[in-house]
Amino acid sequence: MQQLLNGIFIGSIYALFAIGFTLVFGILDRLNLAHPAVFAASAFVGIELVERGGLSLWAALPIVFVFGAVLGLVIERLAFRPLKGRADAHFAGLISSIALAGMLIALLQWRYGPDTRRFPAGSFPETRFEVVGAQVTLAQVVILAVSLTLMVGLTYMVTRTRLGRGMRAVAENPTAARVLGVNVDRITAVTFAISSALGAVAGVLFAINVNTAQLGMGAAIELKGLAVIIVGGMGSLPGALIGGLVLGLAEVFAVQYIGSSWRDVIAFGLLFLILLVRPQGLLGARRVREV
Amino acid sequence: MLAQYATTLTFIALGAIFAYSFYAVLIAGQLSLGQAGFASLAAFSAASLAPSGDDVGDVPALLAAVVIGMAVGALAAVVLGLPTMHLRGVFLAIATLGFAEAVRVVLLNQEWTGGAQGLAVPRILTVGTAWTVLAVVAYWFWRMGRSRYGRALEAIREDELAARSMGIDVGRHRLAAFITAGAVAGLYGVLFAYYVRLIAPNDFDFTAAVEGLVTAVVGGSTMFVGPVLGSGFQTMVPEIQRAVGVEAGWIRPFLAGLLLLVVILFLPGGLASLIPRRTRVPSMSGADPVPGLAARRHPAAGETVVSLTGLAKEYGGVHAVRGIDLEIRSGEVVGLIGPNGAGKTTLVNMISGLVPPSSGSATVLGTTIGRTPVHRVAAAGVSRTFQHSKLFNRLSALENVLVGAHLVSRPTFLRRLLWLPSARRDERAALVHAARCLERVGLSDLAGNRASSLSYGDQRRLEIARALASEPSLLILDEPAAGMNHVEAARLSELIRSLARDGLTILFIEHNVGMVLETCTRVVVLDFGEVIASGSPAEIAADPAVIEAYLGTADDEADGRSIADGTLTDPTGAGGAVAAPGAVTNVDPSAAGTLDLPDTTPRNAT
């Protein structure tokens, strides 16, 4: 039971991170590899806000959300918009976002140094609950609540609001959307902003969960994020949620029953299996090829 | 003096070899990140299995290790490639990445690899050897560039579907490219192992794979020198920074990232795009058949080329095409007309093997449609153009046509590696053939231009030239005259008739009814997925059912004029109502020309 809950907590962070990934891919058909750098950067910024700014953890979250959104705008402006209309935009977008990620990490190193950082002692509430015989901290409950709220909010926004309708229109056909008066550039920028904001919050939550932030934490979760969006289905928001939870649970149970050194093989075995059996993912739709 | 830079130079060579393993698949448009896994498997197997340098001497030991490594790499590529070759784009990238990560974790947990501590390997590789190997690899890809195989890979990168319809077996080519990548990655793994002295599974992680990819893309993934330039760039940037005294830990990665960003944003083809690329256009001499090309024997006039029985296609309950019975005989020029949405394109997609029929049967030039892959249908002698141009955009016009000649030219890659004169002759024959096809559609002057830079009308004609280059027995043209003015359309009509005189069978979709009536020996009219009329142009022009489908009933007679031009969409109400007598008398056979717009008169005059 304890393992189950742990799996759900870590899985919800994976899901939140992966949703940022999949949002950009689903709507703009681009893989933003600077996303993990946003994840790492926001963890450091979150820690600094608490440590130096003296803010409580919960007050820091909205600020980090905004910070992530701004980073998203920067990423879109520098790494993706200049590539618009290029035949190799797919490859080039991967590389330019990798380059930007490298720069972001370098800036983090400049500001925070290469060492692992932690939240100051006493920033976590000590409250613990007992749920069907398992220990749960208040921090963990908040992680789950924040992740779920953001995911539900995002789904509502994409399916119900005017902005979301614009996003879906751009996803279907950018040219047609532009002709019909949708401001594609603005939608693109907003998509990046939202995606990065979610990645940023995921970064802080992850840092809260393990109480560390490292320069390499983005790279470590990047692969998992990719696995999650494949397992759930590229571009599918509920798919990313389910994929994240599946991966979180699979990892926790793999550590429990097989041994920690084999954890990642489970994740990638799962990924591989899905790609072979159901390339469109659990909830993804198969794209029709056109002649 | 060289010794001082030996380490740097060796790493440039190693980086370039690794980048070539990415180049090998990027050239075919595949993004794979599994190369680190191949390299890792190769490095550890070679280090464990190869004889020691003390027993057999350094060079034989390295050679044995290289052979083992390349074999292991290639084998791993086959094992990974077979189940994943149907994946595209980022899906393939992530699947291969998953494989590499799985390899890393498995090796990390093995006894024989030394786990995280790694495995000690003697340093045998010298800077000279590294550059020699790099030269061999670069030579391989250089000679591949202008071979039939190399062009086929590029065609697959630009447009897979069009490549298929030119008779290229996409699956086999993609797998071949993947296996090459595996072998080259294996080579890199071994060389790396025999240089750095200690290898650990973590040397071949995600970061390593990304670095290889970045090197290949920065250098340029469409020209064989790209990986070398990329590796030079990636290795030298930190070196130069160190030399000029940039010391702070964060500045170096920051500047490296910045430079990478600048290169990728401002040099779309990578560093290699700084080198001008020339296209050779051969001089034409006479109209004799080109020696060295496989000549196709067309079916004798009157033999059945296409035979359709009860052919139907359904898309989720929508009957795009239903119950089509049709025979096309050799030498015919068949025009396929009908309102938009009548199922014309679906029908030719089925005939060319791109779309399997839902029911019914079709035999085209002896192949059974639905069970035969597209490239085999093409090999049987079917060639086509597309409604929306599907050219190989980043290739020149001439190269596009050369890809079209895939089926009639001989493979030249292996012979080019050996500089055999016969390969040169065959390449030259293909070039002359392609140049003639371009001349036939009037594009000789634009042979060296990129396909994407051509005007719309020229792109349509280039598609026809490309389709012609395969010497088809059945040529299918999907709206070839779209975007052409009436002078160009008249020239196209003349071209089609001259092709028919050469023994080709032609099936073409066109909205320009006047042109169809003028060009074809037979016209087939489709409406709502069914054949509503079939016969000589004169019969069709007089057929009440056709007039009804095209002109509608008396109520929407006013729209009639624009139909011949193809601008009117599905005529509503054409299904039920009966045409008013007046509408029929307006278009009698003798006045077939009245289906045209008034401004087409000059065309009839030419």
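Residues are numbered from 1 along each chain as its sequence is written, chains are lettered from A, and ligands are numbered from 1, in the order in which they are written. In this predicted model, local features need pLDDT of at least 70 and side-chain atom pairs count only at pLDDT 80 or more, while totals for chains, interfaces and linings use all residues.

**View 1. Chain B as a whole.** Chain B holds 25 helices and 12 strands. Helices (H or I, at least four residues) and strands (E, at least two) are DSSP runs, numbered from the N terminus. Of the 606 residues in chain B, 53% are buried. Buried means 20 or more other C-beta atoms within 10 Å of a residue's own; exposed means 12 or fewer; partly exposed is in between, with C-beta atoms placed from the backbone. Take the contacts in chain B between residues at least 6 apart in sequence: 75% join residues at least 24 apart. Two residues are in contact if their C-beta atoms, placed from the backbone, lie within 7 Å.

**View 2. The two domains of chain B.** Domain 1 covers 3-273 and domain 2 covers 388-471 of chain B. These bounds come from an automatic or database domain assignment. The domain centres, taken over C-alpha atoms, are 31 Å apart. Across the boundary, 19 residues of domain 1 of chain B are in contact with 19 residues of domain 2 of chain B. On the domain 1 side, α6 (127-145), α7 (148-158) and α8 (160-165) of chain B each give two or more residues. The largest share, eight residues, belongs to α7(B). By class, this side has nine nonpolar, three polar and seven charged residues. Ala, Val, Leu, Ile, Met, Phe, Trp, Tyr, Cys and Pro count as nonpolar; Asp, Glu, Lys and Arg as charged; the others, Gly among them, as polar.

**View 3. The largest nonpolar core.** This core has 298 residues. A nonpolar core is a set of buried Ala, Val, Leu, Ile, Met, Phe, Trp, Tyr and Cys residues joined through C-beta atoms within 7 Å. Leu16(A), Val201(A), Ile17(B), Leu191(B), Ala434(B) and Leu438(B) touch the most other members. Helix α9 (residues 170-196) of chain B gives the largest share, 16 residues. Domain 1 and domain 2 of chain B both contribute, so the core lies between them. Beyond its neighbours within four places in sequence, Ile17(B) is in contact with residues including Val133(B), Val137(B), Val184(B) and Leu191(B).

**View 4. The interface of chains A and B.** Here 39 residues of chain A are in contact with 40 residues of chain B. The chain A side draws two or more residues from each of α4 (89-112), α9 (217-232) and α11 (263-277) of chain A. α4(A) gives the most, with 15 residues. This side has 30 nonpolar, six polar and three charged residues.

View 5. The expected span is 1.5 Å times one less than the number of residues. Because 13 of its 15 residues are buried, α2(B) is largely enclosed by the rest of the structure. In chain A, α2 (residues 35-51) has 17 residues and should span 24 Å; its end C-alpha atoms are 24 Å apart, in agreement. α2(A) is mostly covered, with 15 of its 17 residues buried.

**View 6. Val525(B) and its contacts.** Val525(B) sits in strand β11 (residues 522-527) of chain B. It counts as buried, with 25 C-beta neighbours inside 10 Å. Not counting residues up to four places away in sequence, Val525(B) touches residues including Ile337(B), Gly338(B), Val531(B) and Ala549(B). Its C-alpha atom is 58 Å from that of Ala16(B), 509 residues apart along the chain.

**View 7. Two loop residues with positive phi.** Asn211(A) is not a glycine, yet its phi is about 55°. Asn211(A) lies in the loop between α8 (184-210) and α9 of chain A. It is partly exposed, with 15 other C-beta atoms within 10 Å. Glu471(B), also a residue other than glycine, has a positive phi near 50°. Its loop runs between α18 (456-468) and β9 (474-478) of chain B. Glu471(B) is buried, with 22 other C-beta atoms within 10 Å.
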